[in-house]
Amino acid sequence: MSQILRPDLCIIGAGAAGLSVAASAAALGVSTLLVERGEMGGECLNTACVPSKALIAAARLSKPSPSPLRPALETRGPALDHRQVAGHIKRVIAEIAPADSAARYKALGVDVIKGEAAFIDRLTVAVGDQRVRARRFVIASGSTPVIPALVGVDTVPYLTNETVFDLGERPKRLLIVGAGSIGAELGQAFRRLGSEVTLFDSAELMPREDRELSGIVRGALVRDGVMLRENVRLTAVAAIAGVRLHYSDADSSPREAAGTHLLFAMGRMPTISGLGLEVGWIKYGKDGITVDHGMRTTNPRVFAIGDCAGGAAAGCRFTHAASMQAGLVIRKALFRMPARFDPTLVPRVTYTDPELAAVGLSEEEARQRHARIRILRFPLGQTDRAVAEAEPEGLVKIIASKGGRILGAAICGKGAGEMIPLWTLALPERMRLSKIAGLVMPYPTLSEASRLAALEFYAPMARRPLIRRILRFLRTFG
């Protein structure tokens, strides 16, 4: 047996979460060991964020919706061969991969071991025949796609985000189960690339998002030709002339859909099996490894971050959330500083066209927590930039307390993901709308809509009789 390794920090998993911790720890001169059983970069680089955005970028070239800026008959861009699309995705991954490589992290001073890691007691992790007793452990084991328990699911070939980007040919008729962010993004992209696409969900399109804004996305998907089957109950799948999906609609009438390919996009579940959590004194549940707001598990020497984390971090499965959690762990584990993860401060973006971005409380959540709230809206199409670019669609929606403190924000429209950081900053700073209303925005930009939405809070005040009397009085002085 090899000698026991005793780093200050041992990280299990080299995805976005684990790499963020490793880079920060190495920069501080902390002895760090990184264990990864698969590919460096994890899901985000290899099977999710990076390849999906590369696919969306390729699909944008074939955007089918007509515009006043192009002839009515010229409604689609140049057709792309699927081999071109697949090649673009691979090139993008290859260009980014060196930043996540083992060689780079070794150069930073991180020891990298390839293998399966598992706790053999509350203080020790085994990696093959090696033993690790670190001062602190960080589990960043990621997640895997959810596969529904449908009759016949074991008898049909299906795709997930881990395999869909490896397709050698464009799906002719693609059935997507799951109409959340992943399903909506991929559905629109494949439709624009020429596939016939049908989205199925037991709820409505993008059920986590504001209905008013998801309705804008729904309209865009329908215009692109995506067929939506919402509020349905899936019953079975079968491999008949491709794949057949059996379901019942809102009236409980039996239905069936035929496709050449089936894609499951129902979210992800934490990858925690084989880690020896029980012997490591680490509690877990269906939502992942139980952590407190400081990302610490029930074993005080062990933290969990990223997709595998449950408890106070359950369901917040974003790369940028993992990076945020990594920073909290560095503060808490290495510097003993207070750190608290608040999922309401984490923004999220669905990269459809138009994009949908949100942060903070939704309208429904705000009504549950506060007696009185104000809802403020400003259409993006009323900005001069949108008029100039013939992009009339979109909305900024702000949720505020009755006193004007910002509680949440959601934006649907072109570049929504680039506009949401303003509100992401405003929330933890507990800003009031007066701060946003007083910002000087460059002209003409879509971001002006955020300032104009904030100004809507003060519009009723200007109509108050007392304010009017004061203004009339002041005018008498010239």
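Buried means under 20% relative accessible area, exposed means over 50%, and partly exposed lies in between, with a 1.4 Å probe and protein chains only. The legends below describe a predicted model, in which local features need pLDDT of at least 70, side-chain atom pairs count only at pLDDT 80 or more, and totals for chains, interfaces and linings use all residues. Residues are numbered from 1 along each chain as its sequence is written, and side-chain values use heavy atoms, with hydrogens and water left out.

**View 1. Threonine 47 in its loop.**
Threonine 47 sits in the loop between α2 (42-46) and α3 (49-60); helices (H or I, at least four residues) and strands (E, at least two) are DSSP runs, numbered from the N terminus. With a relative accessible area of 14%, threonine 47 is buried. Neighbours within four places in sequence aside, threonine 47 is in contact with Gly42, Asn161, Glu162 and Phe165, where contact means heavy atoms within 4.5 Å.

**View 2**
A disulfide is a covalent bond between the sulfur atoms of two cysteines. Here it is counted as a pair of cysteine sulfur atoms within 2.5 Å, and a search of the whole structure finds 0. Cysteine 308 is in no disulfide either, and the nearest cysteine sulfur to its own, that of cysteine 316, is 13 Å away. Cysteine 10 has 0% relative accessibility and so counts as buried. Cysteine 308 is buried too, with a relative accessible area of 0%.

Aspartate 353 and proline 354 are joined by a cis peptide bond, with omega about 10 degrees. Proline 354 lies in the loop between β21 (348-350) and β22 (355-360).

From tyrosine 443 to proline 444 the peptide bond is cis, and omega is near -10 degrees. The loop that holds proline 444 runs between α13 (433-437) and α14 (448-455).

**View 2. Alanine 241 with a positive phi.**
Although alanine 241 is not a glycine, its phi is positive, at about 50 degrees. Alanine 241 belongs to the loop between β13 (233-238) and β14 (243-248). Is alanine 241 buried or exposed? Its relative accessible area is 65%, so alanine 241 is exposed.

**View 3. Arginine 430 with a positive phi.**
Arginine 430 is not a glycine, yet it has a positive phi of about 55 degrees. The loop between α12 (421-426) and α13 contains arginine 430. Arginine 430 is exposed, at a relative accessible area of 54%.

The whole protein, for orientation.
There are 16 helices and 25 strands in the protein. The C-alpha trace spans about 90 × 65 × 45 Å along its principal axes. Of the 478 residues, 48% count as buried. Among contacts with a separation of 6 or more, 61% come from residues 24 or more positions apart. The accessible surface is about 22,700 Å², and 54% of it belongs to carbon and sulfur atoms; the areas come from the Shrake-Rupley method with a 1.4 Å probe, and for residues only the protein chains shown count as cover.
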